[in-house]
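Please look at the rings first.

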Amino acid sequence: QVQLVESGGGLVQAGGSLRLSCAASGLSFRSYAMGWFRQAPGKEREFVGRITWIGDITNYVDSVKGRFTISRDNAKNTVYLQMNSLKPEDTAVYYCAAARMSSARYEFWGQGTQVTVSS
């Protein structure tokens, strides 16, 4: 049974930082690209960023470039989302997801973790 479990969310003031973690189990983690998504109240789910299964390439939505960084530790089956210079508009539930190798289709999803940025 595949599980993706996010943690690290919380309440932070604007300008602050948080690091989200996503621990994976039940899958060959090294064979999966990992993505981060978010969904704010009343809005569609939005792609935040992705890291390749090798971990050599990342890409991000424009609104978080230069502020967010995705990394992975394959020995720990964990992917991270470091979020700096947080803004109120970053408030959302953040989800991690797994896509096999270079596939664009995310097969597995976590349950999400709430991030709230106060102004």
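Phenylalanine 37 is buried, at a relative accessible area of 9%; buried means under 20% relative accessible area, exposed over 50%, and partly exposed in between (1.4 Å probe, protein chains only). The model is predicted, so local features need pLDDT of at least 70 and side-chain atom pairs count only at pLDDT 80 or more, while totals for chains, interfaces and linings use all residues. Residues are numbered from 1 along each chain as its sequence is written, and side-chain values use heavy atoms, with hydrogens and water left out.

The structure has five aromatic pairs. Rings of Phe, Tyr and Trp (its six-membered ring) pair if their centres lie within 6.5 Å; planes under 30 degrees apart are stacked, over 60 edge-to-face, and the rest tilted. Two of the pairs involve tyrosine 106:

| Pair | Centre to centre | Angle between planes | Class |
|---|---|---|---|
| Phenylalanine 37 and tyrosine 106 | 5.0 Å | 85° | edge-to-face |
| Tyrosine 106 and tryptophan 109 | 6.0 Å | 55° | tilted |

The pair of phenylalanine 37 and tyrosine 106 links distant parts of the chain, 69 residues apart: strand 4 (residues 32-39) and strand 10 (residues 106-109). Strands are DSSP runs (E, at least two residues), numbered from the N terminus. Tyrosine 106 is buried at 14%, whereas tryptophan 109 is partly exposed at 30%. Phe37, Phe47, Tyr106 and Trp109 make up one aromatic cluster.

Which charged residue lies over the face of phenylalanine 37? Arginine 45 does, at 5.8 Å from the ring centre. A charge sits over a ring if NZ of Lys or CZ of Arg is within 6 Å of the ring centre and within 35 degrees of the ring normal. Elsewhere, the charged end of arginine 72 is placed over the ring of phenylalanine 29, 4.4 Å from its centre.

Methods. Helices (H or I, at least four residues) and strands (E, at least two) are DSSP runs, numbered from the N terminus.
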